[in-house]
Amino acid sequence: MAVEALGHRVSELIKDVSLELSPSFTKLVDNTVSSIKNIINLIPEDFQVTADEAPGFVRDVGADKVDFKFKKPKLFEIGGSYSVGGIVKPDVNVDLLIRLPKECFHEKDYLNHRYHAKRFLYLFVIKKYLQSSALISKVEWSCLQNEARKPILVIYPTLEVSNLPGFSVKIIPMATSLFNIPKLNATRNNVRALNQEGVPLPTPKYNFSILEDMFIEEFAEVLKGTFHGWDELRKALVLIKVWARQRSSIYSHDCLNGYLIAVIMSYLAANKGGGYINKSMNAMQIFRVTLDFIANSKSWEKGLIFRPEGKHQVTKEELKERKQCLRSFPVVICDHSAILNLAFRISKSCFFELQSEAALTLDCIQKCEDNGFEEVFLTKCDFAAKYDYCVRLNMQGISGVSASGYCADDECWRLYEEKIHSLLYQGLNDRAKLIRVIWRNCSSNCVEDGFSSLDKEPLLIGIAISNLEKAFRLVDKGPDPEHKEEVAKFRKFWGEKSEFRRFNDGTIGECVVWEYKQWEKHFIVKRIIEHILSYHLSMPKERVVVTADQLDFSLSHGGADPISFTGGLLEAYEALAKRLRLLDDIPLRVSSVQPLDSAFRFTSVFPPEPHPLAGEKGFISRSAKVAATCVQPVEVLIQLEGSGNWPMDELATEKTKSAFLIKIGESFQSKWGATCVATEDDVDLLLSGYAFRLKILHERGLTLVKGQGDQVKRVSSIDRKLFIQSQHSSMINGLQGRYPIYGPVVRLAKRWAASHLFSACLGSEAIELLVAHLFLNPLPFYAPNSRITGFLRFLRLLSEYDWKFSPLIIDINSDMTAETRTEINENFISSRKIHEGNAGEVSPSIFLATAYDKSSEAWTTSSPNSLELKRLVAYARSSANLLTRLIEKDHHDSHGWECLFRTPLNNYDAVVLLHRDRLAYPQRLLFPSEIKEGTYVARGNPSKQFSPFLSPKDVKGSLDVLKKKLMVDFDPLQCYLVDLQGGFHDTFKLWYDSLGGDAIGITWNKSASKKRDREEDSKDLIDILKAVGEAGEGFVRSIHLLKAPRLGN
């Protein structure tokens, strides 16, 4: 069934993206091509074409002797994807190949870019005549595979087809039989200016740039012959194009393109090429065989050679050409003569990345559900999501790029890509698994006036980290001091960063030190990149944007990240756990202690900071300039020794637990001098600056682990909740140990959800599980090794996952059996069947299944509901798109990054603004909220009864007085929300930020709007909102009505 379902999905995909060669489309192509031919054939012959037509281009390619008399093309031929039925939407274009007339060229025009200049001037003439025709809407320049010296024309016909916007015809020149082929082999120098101390250097790329045009016609016929009548091969070509286009780092000028994909498949399909593909295979099988060949074949080492039909004895000359090709280029695809390498643009690093992507895709097919259909064909693997660090260089006006001219053997932009790759490869060393440098500078720029404007697009660098231990290394040791030449090279490379040191093991030598604290180590890779580019390329820092720390502002306050306090918290916890186990004056001794709070597992956005007044007598400090009024507690779970005397009644059990906790608190206080704060619901121990809130898990809760029938049913709801919390906490703690970057990603995700007022919709634990999925099931990527990449993938998961029809299974310990997965899927189907008649009220709308929660009852059973999820998805999609732009394209200012956490308040029906200086933790507020729209309803003054900070005079007096001034777990926002939810439950829905926001969004409930009469005016609404303000007197700053509820029928 699974195979059949996959086959159906693949067929549907091919149908959706393939362009059907309908009679109407074929007619459009024929008419457009015919119009172009007619216009070109009307161009008069024998008029003189000179460099004055486009002096900028001729100057910048460095050509001379470029004048010629115009002659009409000798042949028009349709080629490319259209000729083999492999056009993939949305890029609908047809290649029109025109054979350049030999009369326009001299036999030595292969020298010094004369061919390239004349080729351009020939197209320039054609462009002028096409532009004057009413049949042509627009004519633009583009470049063949981003090669500025080889422009092509893109023609948009006046006649458009409604379902094919942007249809175009590309005019690509052919240079069949123009020059003597041996003059253009890989060892020849044909750019005389390129020499070393007077000795001419080979120009293989320049030569192959000309040979490519000379053999376009021949290879176009080979491709047509291979694909003609072979429908499954054509479908496989479509699949590989879809796969490659989703991966922007490999579908590029220096790696893979549609033409090369077709060439590789033709090689695999040819009997003489090895016969890897045969006509009994379906499209998906051909797809897998092709990727396996790309990833694993040893044939690449010898080059892919198209052998001629019939018997052919390889000559010594052919063998020599092949060897020369393999020496000159990392990847070789050529015919038996090895005259032209079709893969001459592919670099070694790009091919390695292509093989890596192919291998990763095969992994997806093997390991993912539905043979990885979603991951392989539908998931966008762009720069922003794929690489751990993305670097954007603003290259405008950098004179060093073209200091030696724009064009020699290769173009200056390609040489600059290689130079940057080489520098970063040396500098990052084993920190980086992949380094990708790409500069798409010629895609849409006009080249008529020369190449000076081709630096407008940024140069992009993608860096995939090998592992965090290496990436966050603080010291890079240099070579052994005895190897003086190596030491000199090390110093030369690192410049002033290199220093002579003695190491802990007693050795001495050169090294580079990166001094950062534990929570700042993600800066290291950024600083290395900035130093290398500045030192070797004189690149100013303001031109270099490395995505590493741009979102740190959302996790810090006072210039520091509070995660730095977690070390102290863990030390305090260890002391607490040890002392709890030592208590011997309580009826049942403490048998185990487990941290529950997210602060212990590094996933709390704001872990508690040590409070100078919260602790034992020896700890308390009165010298602190500012002390918070509120103390944030952290939950700790304890279990007691077994006993048969516990009451069976749930309420009695909870009262007994409370008695035990009070006794534990008193004992701890008397033995260790810590402060115990007891309320009706909780017992808190103040120790070493932290408030530890103790919770007891009754021994009956342990039956949940063993699943012991009737005993499970007798577990109280409180114990059930505590058990699930303990399971979740231990699993996430283990995950954080395996993936150190997991914590920062979760913190960003939580901060994002809260800043957009989703605190009530998406719980802390639910976010932890969503992010866990990214690390446990990273395909088609590797697990993220940077916070920004992980955060982007979180946003895309939230916005793109099919929540309605698929459960998200999080197998944290990688031990989930097939039976468990089947049970989870059955639970999911049952949850959907209940709501079959009302698809808009599916519950849970996000189905998160784990080994401890197979029915998604723990964290998402009631929220988000379907409407909340719809809003969440929309916000996540918008944020993901913005973040992608910021990483790949946008400018350098910080405002764009801040917009990720600024929420538009005009999306609510009403807004309540709070007094910032009456929030429990005002320092956590990201951006103060202001409203300038809607109807102003009420205004309130701040209360004088509460202040979030203790003044110096407040910390005077006895310790008992000081204790009473501390407020453990007090949050005026939460108290206010409880009052509103109790008093206006059916009237509106509340949206808020539990992490420090000063705004509450209100949306009117449907039930409330249905009860309203159409004739009622906004007076009742204003009365309701005034009551909302009165409930928060002293806390509410102002209330604004933006929209009245929609009236029900």
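Where is Pro90 found? Pro90 sits in the loop between helix H4 (80-84) and strand E4 (93-99); here helices (H or I, at least four residues) and strands (E, at least two) are DSSP runs, numbered from the N terminus. The model is a predicted one, in which local features need pLDDT of at least 70 and side-chain atom pairs count only at pLDDT 80 or more, while totals for chains, interfaces and linings use all residues. Residues are numbered from 1 along each chain as its sequence is written, and side-chain values use heavy atoms, with hydrogens and water left out.

The overall picture comes first. The protein chain holds 33 helices and 34 strands, and its C-alpha atoms fill a box of roughly 105 × 85 × 60 Å along the principal axes. Of the 1049 residues in the protein chain, 55% are buried, where buried means under 20% relative accessible area, exposed means over 50%, and partly exposed lies in between (1.4 Å probe, protein chains only). The protein chain exposes about 46,600 Å², and carbon and sulfur atoms supply 50% of this area; accessible areas come from the Shrake-Rupley method with a 1.4 Å probe, and for residues only the protein chains shown count as cover. Among contacts (heavy atoms within 4.5 Å) with a separation of 6 or more in the protein chain, 73% are between residues 24 or more positions apart.

Some backbone details deserve a friendly word. Most residues other than glycine have a negative phi, and most peptide bonds are trans. Pro90 is joined to Lys89 by a cis peptide bond, with omega about 10 degrees. Another cis peptide bond joins Ser863 and Pro864, with omega about 0 degrees, and Pro864 lies in the loop between strand E27 (848-849) and helix H28 (866-888). Positive phi values also turn up at two serines, Ser177 and Ser688. Ser177, in the loop between strand E7 (168-174) and strand E8 (195-196), has a phi of about 60 degrees. Because its relative accessibility is 47%, Ser177 counts as partly exposed. Ser688 has a phi near 55 degrees and belongs to the loop between strand E24 (683-687) and strand E25 (690-696). With a relative accessible area of 22%, Ser688 is partly exposed.

Ser806 is located in the loop between helix H26 (787-800) and strand E26 (808-809). Its relative accessibility is 22%, so Ser806 counts as partly exposed. When neighbours within four places in sequence are left aside, Ser806 is in contact with Tyr801 and Phe828. Ile294 is 512 residues from Ser806 in sequence, and the two are 33 Å apart in space, C-alpha to C-alpha.

Turning to helix packing, helix H19 (residues 566-582) and helix H20 (residues 650-672) meet at an angle of about 105 degrees, and their axes are 11 Å apart. H19 is therefore roughly perpendicular to H20. The contact is made by Leu576, Arg579, Leu580 and Leu582 on the H19 side, and by Ile664, Phe668, Lys671 and Trp672 on the H20 side. Sorted by type, the residues of this contact are six nonpolar, no polar and two charged. For these terms, axes are lines fitted to C-alpha atoms, for helices over the stretch in contact, and angles run from 0 to 180 degrees between N-to-C directions. Angles under 35 degrees count as roughly parallel, over 145 as roughly antiparallel, 65 to 115 as roughly perpendicular and the rest as oblique. Ala, Val, Leu, Ile, Met, Phe, Trp, Tyr, Cys and Pro count as nonpolar, Asp, Glu, Lys and Arg as charged, and the others, Gly among them, as polar.

Strand E34 (residues 1036-1041) is mostly covered, with six of its six residues buried. Strand E28 (residues 910-914) runs antiparallel to E34 and is joined to it by five bridges, with Val1036 of E34 as the bridge partner of Leu914. E34 also pairs with strand E29 (residues 935-939), in the antiparallel sense over four bridges; two strands pair if DSSP finds at least two bridges between them. In that pairing, Thr935 has Leu1041 of E34 as its bridge partner. Strand E32 (residues 988-992) is largely enclosed by the rest of the structure, because four of its five residues are buried. E32 and strand E33 (residues 999-1004) run antiparallel and are joined by five bridges, and Lys989 has Thr1003 of E33 as its bridge partner. The hairpin of E32 and E33 has six residues between the strands, and Gly996 takes a positive phi near 130 degrees there.
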